[in-house]
Amino acid sequence: MTTVRLVNSDSSCSGRVEIFHNGTWGTVCDDVWDVNDAQVVCQQLGCGRALSAPGRAHFGQGSGPIWLDDLQCSGTESSLTHCTHRELGIHNCSHSEDAGVICGDMTTVRLVNSDSSCSGRVEIFHNGNWGTVCDDVWDLNDARVVCQQLGCGRALLA
């Protein structure tokens with residue numbers, strides 16, 4: 001599965017879409033970009049449903065390669081690369097056409113007090129406030145859910 005991230009936003013569930021391919025982060029072109037494409041990103045990141053799919057570098061212009069163009073997702077794919085698209089790296093775009101997403105995040109989760117974005121104390125955002133999660137009966141299964149929601153791969157320790 002292709003690694004995806006959202007950048008240039010104060011929320012982990014909105015931003016410019018970037019994918020990791022051949023050891024390099026690159027952007028996605030907004031040609032035929034729509035909410036079905038954005039839904040795949042939101043689902044992959046555990047961010048609920050897609051509320052909108054802004055284009056025209058709404059979250060700023062990226063740099064480096066433009067990996068995907070002319071995406072046509074149904075919204076149920078597990079990764080953007082499973083959608084119909086031009087060959088990776090083939091495009092007719094500039095970074096002024098970088099695609100973005102805004103997801104309707106049901107509960108925002110973050111990890112804090114660590115040097116890594118994929119380890120730390122678990123906090124959730126609810127009713128306008130960040131709060132911690134109690135460790136009573138907390139186990140590796142719970143950690144797996146957090147890791148999946150944050151796109152951090154497999155949980156190693158809880």
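F20 is partly exposed, its relative accessible area being 36%. This value, like those that follow, was computed from a predicted model. W25 is likewise partly exposed, with a relative accessible area of 26%. Both percentages fall in the class between buried, under 20%, and exposed, over 50%.

A search of the whole structure for aromatic pairs returned 1. This pair is formed by F20 and W25, whose ring centres lie 5.1 Å apart. The planes of the two rings meet at 55°, and the pair is therefore classed as tilted; an angle under 30 degrees would have counted as stacked and one over 60 as edge-to-face. W25 also has a charged residue over its ring: R5 lies over the face of W25, at 3.9 Å from the ring centre.

Two or more lining residues are contributed by each of two elements, strand 1 (3-7) and strand 7 (108-112). Strand 1 supplies the largest share of the lining, with 5 residues. By residue class, the lining of the largest pocket consists of 12 nonpolar, 11 polar and 4 charged residues.

Note on methods. Residues numbered from 1 in each chain as written. Predicted model: local features only at pLDDT ≥ 70, side-chain atom pairs only at ≥ 80, totals over all residues. Heavy atoms only, no water. Helix = DSSP H or I, 4+ residues; strand = E, 2+ residues; numbered from the N terminus. Nonpolar A, V, L, I, M, F, W, Y, C, P; charged D, E, K, R; others polar. Phe/Tyr/Trp six-rings, centres within 6.5 Å; stacked < 30°, edge-to-face > 60°. Buried < 20%, exposed > 50% of the residue type's maximum accessible area, 1.4 Å probe, protein only. Lys NZ or Arg CZ within 6 Å of the ring centre and 35° of its normal.
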